[in-house]
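Me: Please take a close look at one part of this model. I want one connected account.

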Amino acid sequence: MHNSFIKHGVLTLILAATAGAASAHRPWMLPSSTIVENKDAWVMIDGAVSEGLFDFDHMALRMNGLTVTAPDGTTAPAPEGVTGKMRASVDIPLPKEGTYRIALVSNNAMGSYKVGNEVKRFRGSEADFAKQVPAGATEVRKTLTHQRIETFVSAHKTSDGALKPTNTGLEMVPLTHPNDLRANETMRVRFLLDGKPLPNLPFSLVPGGVRYRGVAGEIRLSTDAKGEASFKLPAANMYWMNAAYPPNPGKGPGPDNGPAETRRYAYTATLEALPE
């Protein structure tokens, strides 16, 4: 199995289990600008996994499968990018005026099973897991992880067509436009799980520039009974938003623990708050 695919799958599961941890390595995408006003509008997206936001200090985020949702709501694959040791980059044209959603969505499986007395372990796609498990295998257990990493960019003006939820996995629906955020002004969001509001979901925001502060500066929040939350971003900056469901997933799959199948969901977004 391809090493990069294994690495991405393992990373996804680790991040789902440690979402909100102030010291964890974090996956993120960073746009060169969240509001593009050039006549020939393009945006560059960098992707990395790092401990310091938004520093290139660990490894590149593999952005195979990156998609772009245009202002009219249509979704298409992003152009091919370049992946280095510490970061990945892709240039994306913005031919239509309005807001674009740039998203990396992945589905991975991790599990174990027994053939006779021998324990076999697996990491990869759910489809490959089903193909690999032989007839007669016992104590089959698997954890399925759905992860969404995204950011938002507007060309010349903001719009709402790209902000509609897909109703798959864990999603944040911005009730305040994500490219119209100002420091100390209220932002409202709604979290959904497979299209349904998710009440009492803890989530967090971490401002960029961690290495210059010496502390993460994590802001911890939670949704209300309607799956919604209102908060103020305290200063102009880029912010990393993160949530996971279930919030405390516990132990991973194994031959002697856990249910036959568990599902985990992770969500990450990069947002920018401009000066007041």
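Where is the place of Pro246?

Reply: This is a predicted model: local features need pLDDT of at least 70, side-chain atom pairs count only at pLDDT 80 or more, and totals for chains, interfaces and linings use all residues. Residues are numbered from 1 along each chain as its sequence is written, and side-chain values use heavy atoms, with hydrogens and water left out.

Pro246 sits in the loop between β18 (237–245) and β19 (261–273). Strands (E, at least two residues) are DSSP runs, numbered from the N terminus. The peptide bond from Tyr245 to Pro246 is cis, with omega near -5 degrees. Most peptide bonds are trans, and most residues other than glycine have a negative phi.

Another cis bond joins Leu53 and Phe54, with omega about -10 degrees. Phe54 lies in the loop between β3 and β4.

Strand β3 covers residues 42–50. Strands pair if DSSP finds at least two bridges between them. Six bridges join β3 to β1 (residues 26–31), antiparallel. There, Pro27 stands opposite Val49. Six bridges also join β3 to β8 (residues 88–93), antiparallel. Ile45 faces Val90 as its opposite residue in β8. Two bridges link β3 to β4 (residues 59–60), again antiparallel. Ala48 has Ala60 as its bridge partner in β4.

How values were computed
Buried means under 20% relative accessible area, exposed over 50%, partly exposed in between (1.4 Å probe, protein chains only). Helices (H or I, at least four residues) and strands (E, at least two) are DSSP runs, numbered from the N terminus.
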